[in-house]
Amino acid sequence: MADEANRTAFLENQGRMIETTGKLKQVQNQMRTKEAEKKRAFLTMEELKQVPDDTNVYKSIGMFVLETKASLMNEQEKKFKDGEATITTLQTSKEYLEKQITEVESNLRELLQQDPGLARQIMSMNVV
């Protein structure tokens, strides 16, 4: 009976590990995307700073649209700040998920130490 309970606990933890690892990868991908967007906005602002204020500038939206420099600068600053805020939130999520993974790993290790037969049983299971 204890063997079955340990096996069930192991499988639940294994499922939780897979789910949490997937979420962590998703958060890491979102962070990379936001970092790239933030960098693009920063570089665009740096280039715009070198342009005289009365210069015609164009925004690319699948085609080019005439914009004022101030409007384009404001838009890029907003993208940059939004990127920073999103990255901060994602970093918090990432840290939380990493703690969950550590906890699940600890639970799995503890289960395997408590029941050495469980490790043999799991190793003999058919992997689909």
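How do the residues of the lining of the largest pocket divide into nonpolar, polar and charged? In this predicted model, the lining is made up of three nonpolar, four polar and seven charged residues. The space in this largest pocket amounts to about 250 Å³. The lining consists of 14 residues, and the closest to the pocket centre are Arg40, Ala41, Glu75, Gln76 and Lys79. Two or more lining residues come from each of helix H1 (2–49), strand S1 (57–60) and helix H2 (69–114). Of these elements, H2 gives the most, with six residues.

Aromatic pairing was examined next. The count comes to one aromatic pair. The ring centres of Phe42 and Phe80 are 6.1 Å apart and the ring planes stand at 40°, so the pair is classed as tilted; the stacked class would need planes under 30 degrees apart and the edge-to-face class planes over 60. Because Phe42 belongs to helix H1 and Phe80 to helix H2, the pair ties together parts of the chain that are 38 residues apart in sequence. The two partners fall into separate accessibility classes. Phe42 has a relative accessible area of 37% and is partly exposed, whereas Phe80, at 18%, counts as buried. The value for Phe80 falls in the buried class because that class takes in relative accessible areas under 20%.

With a relative accessible area of 4%, Thr20 is buried. The side chain of Thr20 reaches the backbone oxygen of Arg16 at a distance of 2.8 Å. When residues up to four places away in sequence are not counted, Thr20 touches Leu97, Gln100 and Ile101.

In helix H1, Ile18 is exposed, with a relative accessible area of 58%. Ile18 and Met73 are 55 residues apart along the chain, and their C-alpha atoms are separated by 43 Å.

In helix H2, the residues described include Thr88 and Thr89. Thr88 counts as exposed at 53% relative accessibility, and Thr89 counts as exposed at 52%. Thr88 lies 32 residues from Arg120 in sequence, with a C-alpha to C-alpha distance of 43 Å. For Thr89 and Val27, the separation is 62 residues in sequence and 10.0 Å in space, C-alpha to C-alpha.

Ser106 is also found in helix H2. At 34% relative accessibility, Ser106 counts as partly exposed. The C-alpha atoms of Ser106 and Asn13 are separated by 10.0 Å, although the two residues are 93 places apart along the chain.

How values were computed
Residues are numbered from 1 along each chain as its sequence is written. This is a predicted model: local features need pLDDT of at least 70, side-chain atom pairs count only at pLDDT 80 or more; totals for chains, interfaces and linings use all residues. Side-chain values use heavy atoms; hydrogens and water are left out. On a 1 Å grid over the protein atoms alone, a cavity is a set of points where a 1.4 Å probe fits but cannot get out, and a pocket is an open set with protein on both sides within 12 Å along at least five of seven lines; lining residues have an atom within 4 Å of a point. Grid points are joined across faces, edges and corners, and a volume is the space filled by probe spheres set on the points. Helices (H or I, at least four residues) and strands (E, at least two) are DSSP runs, numbered from the N terminus. Ala, Val, Leu, Ile, Met, Phe, Trp, Tyr, Cys and Pro count as nonpolar, Asp, Glu, Lys and Arg as charged, and the others, Gly among them, as polar. Buried means under 20% relative accessible area, exposed over 50%, partly exposed in between (1.4 Å probe, protein chains only). A polar contact is a pair of N or O atoms within 3.5 Å; within protein, one must be able to donate a hydrogen and the other to accept it, and residues adjacent in sequence count only if both atoms are side-chain atoms. Contact means heavy atoms within 4.5 Å. Rings of Phe, Tyr and Trp (its six-membered ring) pair if their centres lie within 6.5 Å; planes under 30 degrees apart count as stacked, over 60 as edge-to-face and the rest as tilted.
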